[in-house]
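Colleague: Before we discuss this model, could you put it on the screen and take me through its sheet, its pocket and a few residues?

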Amino acid sequence: MQIARKLTDDVRAGRYQVDQALPSERTLSEQLNVSRVTARKAIDQLVEQGLVVRRRGSGNYIAPRIEQPLSNLSSFSEQLQQRGYKPGSRWLKREIVTASADEQMSLGLSPHSKVARLERLRLADDVAMAYEVSVLPYSVVPQPESVGDSLYQFLEKNGKAPARALQHIRAMNASAELARQLDVPEGQAVLFITRIAYLASGEAVELTHSYCRSDHYDFVAEMRRG
């Protein structure tokens, strides 16, 4: 536990950079004069905290972390690219369905309206960062399979780029299924974010529910008095 705390402090203090390899278990055990089993257990704790990711056959690396300003409307892909990460998506579903009552209300749709529902894992350097479900009017996305890694790039290309959005953030504990998707322990705290994005005309164009790993996300807001 002492070794894990020391490594955690080093990571959070920036002594290790994102994607930098940690010393091997053998190196740690020799440096700290402990057994390799002890060194392995210390690294296991960092993996459980989400500070370190294991890459089979390669080693242990510092996990990505996203600092997202609350004042800017930008896509997940844009945020990652600005910070030097490689964005990606692992698609779970892309389908046309009938909008639920909540989706109709959020998007200003009439009953029985069709919507595109996009369900995916958002990745940074192949690490799962968030589970995301986006719902858009059928008129905006009639062919869900045509959406690539960046939804906002798709919307911009088709003249439907959002101009503003309302976003709500709260904490919740991961269910068994969500924990499996995000590769975290069941019950771990995650950030649940609901965003409704609007065109300049005021038309709602996107409803997205995001479940973000709290160990990988910081949300930052600049506030002014007066």
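Modeller: Contact here means heavy atoms within 4.5 Å. This is a predicted model, in which local features need pLDDT of at least 70 and side-chain atom pairs count only at pLDDT 80 or more, while totals for chains, interfaces and linings use all residues. Residues are numbered from 1 along each chain as its sequence is written, and side-chain values use heavy atoms, with hydrogens and water left out.

Colleague: Is P137 buried or exposed?

Modeller: P137 is found in strand β6, strands being DSSP runs of E with at least two residues and helices runs of H or I with at least four, numbered from the N terminus. Leaving aside neighbours within four places in sequence, P137 is in contact with L107, L109, K114, V115, A204 and V205. Because its relative accessibility is 5%, and buried means under 20%, exposed over 50% and partly exposed in between (1.4 Å probe, protein chains only), P137 counts as buried.

Colleague: Which residues does Q104 touch, not counting those up to four places away in sequence?

Modeller: Q104 is found in helix α5, residues 101-107. With a relative accessible area of 17%, Q104 is buried. Beyond four places in sequence, Q104 touches A99, L109, S110, P111 and H112.

Colleague: Which strands are the edge strands of the open sheet of 6 strands?

Modeller: The order of this open sheet is β4-β5-β6-β9-β8-β7, with antiparallel pairing, where two strands pair if DSSP finds at least two bridges between them. β4 is joined to β5 (residues 114-124) by 11 bridges, and the bridge partner of K93 in β5 is E119. The strands that pair on one side only, and are therefore the edges, are β4 (87-98) and β7 (164-173).

Colleague: Which element gives the most to the lining of the largest pocket?

Modeller: A pocket is an open set of points on a 1 Å grid over the protein atoms alone, where a 1.4 Å probe fits, with protein on both sides within 12 Å along at least five of seven lines, and lining residues have an atom within 4 Å of a point. The largest pocket is lined by 21 residues, of which V53, R54, V127, D183 and R213 lie nearest its centre. Two or more lining residues come from each of α3 (36-49), β1 (52-55), β6 (127-137) and α7 (176-182). The element that gives the most, with 4 residues, is β1.
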